[in-house]
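Subject: Structure handover and findings

Hello,

Here is the structure for your files. My notes on it follow below.

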Amino acid sequence: MTLLYLLVFVLLCVALGYLFRVIELARGLKGGKEWVPTENDNRMMGRMFLVFMFVFIAWSLYQIYQYGYRSLPKSASEHGVKVDELMKYNMYIIWFVFIVTNFVLFYFAWKYYGRKDSKAVFFAHDNKLEMLWTVVPALVLAFIIIFGLKYWNEIMDRSNDPKAIKIELYSKQFDWTARYAGADNAFGMDDYMQIDGSNSMGLDTTDSKCYDDIIVKNEIHIPIGREISFQFRSRDVIHSAFMPHFRAQMNCVPGQVTKFKFKPTVTTEEMRKDPQVIRNMNEINAIRAKKGEDPFIFDYVVICNKICGASHYNMQMKIIVESEKDYKAWLAKQPAFKKDKIALKD
Amino acid sequence: MGNSHDHKVGVEHGHDIHHAHAHDDHHEESFVSKYVFSMDHKTISRQFLVTAVIMAVIAMVMSVIFRMQLAWPGEKFAFINALLGDKWGKDGVLDPNMYLALVTIHGTIMVFFVLTGGLSGTFSNLLIPYQIGARDMASGFLNMLSYWFFFLSSTIMIGSLFIEDGPASAGWTIYPPLSALPESIPGSKLGMTLWLISMSLFIVSSLLGGLNYIVTIINLRTKGMKMTRMPLTIWAFLITAILGVLSFPVLLSCALLLIFDRSMGTSFYLSDIYIGGRAMDQVGGSPILFEHLFWFLGHPEVYIVLLPALGITSEIIATNSRKPIFGYRAMIGSMLAIGFLSFIVWGHHMYMTGMNPFLGSVFVFTTLLIAIPSAVKAFNYITTLWKGNIQHTPAMMFSIGLVSSFVTGGVTGIILADSTLDITVHDTYFVVAHFHIVMGLSAIFGMFAGVYHWFPKMFLRMMNKKLGYLHFWITFIGAYGVFFPMHFLGMSGVPRRYYTNSNFPLFDHLGDINELVSVFAIIAALGQIIFLINFFYSMFKGQKAPQNPWNSNTLEWTTPAAQHIHGNWPGALPEVHRWAYDYSKPGSDVDFIPQTVPLAADEHDGGGH
C-alpha cells in the first residue's frame, strides 16, 4: 500500500510541476488573448474528441467481452427468463442509441472544429427534423412500455395458486429467518409485542394456526417446478430480500406484509454445472486459493439490498433448490414452532 | 444625469428605487456590506460558488476514502487514519458505520449543497439579472438571506462530521425507520438530528432563492426582453425555480414528520418495531409514506439539478458553435414537459417497496415519457454542432461532455424505469452508475462549463485555457472510467452501499472492477487540483477580461468589463431587440449580433428568414 501512496504522491508532484510550468508559459503570453482557442487548439481538441470517441466506444464494448460473463447466470425462475429476454432487447436498443449518439456527437465536435475563415451555417429550426426525433423515440418507447407492462402484470399477478408453497422471510438486523406454513398451509398471525428469546419472529401464540409453522435459519429449501409464494416482514428497519438468480426482489417493511412469487426452474445442482457459473466459480476459487481461503461452491442466496445498518453488507441466507422429494425429506426434519401444542389442538 | 435617467427606467420596470442611489460616487460600502452581508447578486453568486467548491472538495475526498475501502477492503491506509482518526479509521481501516456515514454525506453534499445550492445559487444569481437586463434581484435582502441560510446549513452539515457518534448514515435518502431509530445505527443519534436541521435550513435557503428568481424573471425583464427572447439559461433557471418552490416544501414536511417521530413519540413512519430489546409503542405509521413524500421532492430534485446545467450548456454550445441553438422553442417546450413530468414519476424509485403493482405500471408509463423530451434536447444539441464553426473553449468541451453523459446515463434510465427490468437491477451498482452519469456528471460538467464561461463576469479575469483543457480531459476520462464499469457490477447483482463485496464469496471475482473504478476515481480527484489552482490563481492573477471575450450575444457582456458596479449597467438599462441566438446570421459581417442591436427593416426575429 505504501507503493500506492508513493505512486499517488509522485503523480501529484508531476501534475503540480506541469501545472506551474503551464501557468508560467501562459504568463509569458500575457498581452495576447490566451483564452481564445486558436485554430490549432480547435483542431487538436477536435481530434482528441474523435480519438476519445473511438477509444470510448471500443472500451465500452470490450467490457462486455471482459466482464459480460460475470453478469448473473441464466435465470433460475420461470418469470426470470422473460425478464432476461426483455432485458436483452432493451439492451440492444440502448447500446444502439448510446453508440450512434456518442459517435455523431464527437464526430461533429471534430468535423466542424473552428477554422479561421469559415462561417457556421445559420440553421435555427426544422419542424420535420424535430418531428422525426419526437416520433421515433415515442414509437420505440411505446414498444418498451407495452412489453414491460405485460410482463410486470404477469409477474405481479396477485391471484393465488392454491398449490403454491408459502414461505415467509423475516428480516432483522442482520439476518434472515424463514417460516414455512406447515401442515395446514396457513400462517399463524404475528404480534410484535410477543417477540422474545423463544419467539424471535413474534408469532401470536394465541393463534393455533402458527403451532405447526416451521421456522428455519441459515438456509431455506424449495422444490423445483412449484410456485413459491413469498411474504416478507421486518422486525426493525426496512430491508430488501434480493434473490438475484431468481430475478426476484422485494422490500421488507416493518408494519406491513409484502409479497413476491416465483417458480424455480433450475436446481442448485444443475446451476453448479452451468458453464457460466463454473467459469465464475473457477475465477473466484483461483483468487481465494491465493488468499488461502476455503474454496467456494455456488449457492443461490437471498441478500439484503436496502441499507439497514453496519452489517448490511453481510446479511444473507442460502437458498437450495432441489427435487420435491429431497425438499419434503428436508422439511420433515425441521421442528414445528410449538410441537407440544399441535397435539393439544388435535 | 445618469442617475435621473436610471430613476426613470427603474420606475418604469417597477424596480426598487434605492438602486439609483447605489451609483452615487461618494457612497462607500464597508467590507462587511460589500463582501459579507452583501445584497448584490454578483457577490452572492460568488459566495455560493466558493462555498459550493469547498463543499464539493469535502464530498470528493469522502468518495476517495470509500472508494479505497471498496477496492482494497481491509487494507491499511495511513491516509484514512490521518483523516478519520483512531475511532473511525483504526489502523487505517475504515469503520463500517463510518463507511455508511461517508456515503450518506457524500450524497447529501453533492445533490443538495453542490448541485442544487451551488449550481442554481451561483448561476441563477449571476445570470438572471445580467441576462434579462435588471439592476439586481427583485429582493436583494431575501437573496442575502438565501445565501446565509445556505451557509448556516453547510456549516451544520460539516459540523455534524465532528460529533461523537458520527454524522447521519442512513443513506442520503434517510429512509426511516433506520433514520428514526437511534438504536439501529449510531448515525441516527445526534448526527441525524443535525442532518435534519441542516436540511431544513437548506430548504429555507432554496425557497427564498427560488421565489426571488421567479419574481425577478417575471417582473424585471428589460424593455424588449419578451419571454420568447430570453436566453435558454433563463428559461432553465425559471423552470428549476418553479420545481423547487413546488417540491421543497414537501421535503420540509417529510423531514418535519420525521423529527416528530424521532423526538416526540409520534408514529407517522413507524409501526410494529422491535429494536434494542424492546417493542416500541408506535403503531400505525408507514415508512412507505416517507418514501412517497421524499421522492415527491426527490424526483423533481433530479431536474432541479439537471435543468440549470442544460440551460448553461444551451447557451455555451450556441455561442461556441457560432450557430443559433437548434429548435429554441422545442427546447423550451421540452424543458416545460420535463418539468411537468418530473412531478408524476416519483414512484419509479419505489417499484420494490410492495407498492400496488398497478400504481407501479402508471409510473412506468409516465417515467418513460420523459425520454421523449430528453431525446429532443440531446438531438437538438447535436444538430446545433452540425456545420458549426466550433470554438473548443474549456466551457464548450465540458458542454459537449455534458451532452455525452446526458445520453449515456439517460439510456440506462430506460432499463430502470421499466419495473420488470428494475426487479433485477434495483438498488444495485447499475443504479449508481446510471444516476452518477446522467445527473452527477452532467450537472457537474454543466457547472464547470458555466464557471469557465462566466468566470470573466464573476471575477473580471480569465481562466487559463490550457489548464482548462488538461482539467477537462482528466475529468472526462476519469469520470467515465469510474462510472462505466459500475454497470457491469450491477448486472452481476452487486448491491449498492455494501461496505465490502468480499465478505461472502459470491462477488470475490469482481475485485478487479472495483480496483479499476477506484484508480480512476483517485486520478479524477487529483485532476480537480488543476481546476482549483486555475480557479484561485485566475481569480487574482488571471488575464484581465475584455468586455465580450466569447463574442456572445447576451446582455451580460454589455456590462463593464473592468469593474462590478452595483446596478450592473452604468447608464440606462439596455434595450433588447432580438433573441439571443443570432450567430452567423446571413447578411451580417460579423458572426454575432448582440441582443441590443435593433432589427434591420427586412429582418425577422427568432431565427426566421
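Two strands are taken as paired if DSSP finds at least two bridges between them. Strands themselves (E, at least two residues) and helices (H or I, at least four) are DSSP runs, numbered from the N terminus. This is a predicted model, in which local features need pLDDT of at least 70 and side-chain atom pairs count only at pLDDT 80 or more, while totals for chains, interfaces and linings use all residues. Residues are numbered from 1 along each chain as its sequence is written, and chains are lettered from A and ligands numbered from 1 in the order in which they are written.

Strands of chain A

Strand 1 (residues 165-172) and strand 2 (residues 175-180) of chain A run antiparallel and are joined by six bridges. A hairpin of two residues connects strand 1 of chain A to strand 2 of chain A. In this pairing, A:Ile167 stands opposite A:Tyr180 of strand 2 of chain A. Strand 2 of chain A is also joined, by four bridges, to strand 3 (residues 214-217) of chain A, again antiparallel. There A:Tyr180 stands opposite A:Ile214 in strand 3 of chain A.

Contact between the chains

Two residues are in contact if their C-beta atoms, placed from the backbone, lie within 7 Å. On that basis, 106 residues of chain A touch 116 residues of chain B. Among the elements of chain A that each supply at least two residues to its side are helix 1 (2-28), helix 2 (39-67), helix 3 (78-111) and strand 6 (239-243). Helix 4 of chain A gives the largest share of this side, 14 residues. By class, the chain A side has 65 nonpolar, 28 polar and 13 charged residues. Here Ala, Val, Leu, Ile, Met, Phe, Trp, Tyr, Cys and Pro count as nonpolar, Asp, Glu, Lys and Arg as charged, and the others, Gly among them, as polar.

Domains of chain B

Chain B is divided into domain 1 (34-230) and domain 2 (546-609), with bounds from an automatic or database domain assignment. The centres of domain 1 and domain 2 of chain B, taken over C-alpha atoms, are 35 Å apart. Contacts link 14 residues of domain 1 of chain B with 17 residues of domain 2 of chain B. On the domain 1 side, helix 6 (residues 96-132) of chain B gives the most, with four residues. That side of domain 1 of chain B has four nonpolar, five polar and five charged residues.

Helix pairs of chain B

Axes are lines fitted to C-alpha atoms, for helices over the stretch in contact, and angles run from 0 to 180 degrees between N-to-C directions. Angles under 35 degrees count as roughly parallel, over 145 as roughly antiparallel, 65 to 115 as roughly perpendicular and the rest as oblique.

The axes of helix 17 (residues 465-483) and helix 19 (residues 511-541) of chain B come within 8 Å and cross at roughly 160°. Helix 17 and helix 19 of chain B are therefore roughly antiparallel. Residues of helix 17 of chain B in this contact include B:Leu467, B:Gly468 and B:His471, and those of helix 19 of chain B include B:Phe520 and B:Asn534. The contact has 12 nonpolar, seven polar and no charged residues.

For helix 4 (residues 41-71) and helix 7 (residues 140-159) of chain B, the axes come within 10 Å and cross at roughly 15°. That makes helix 4 of chain B roughly parallel to helix 7 of chain B.

Regards
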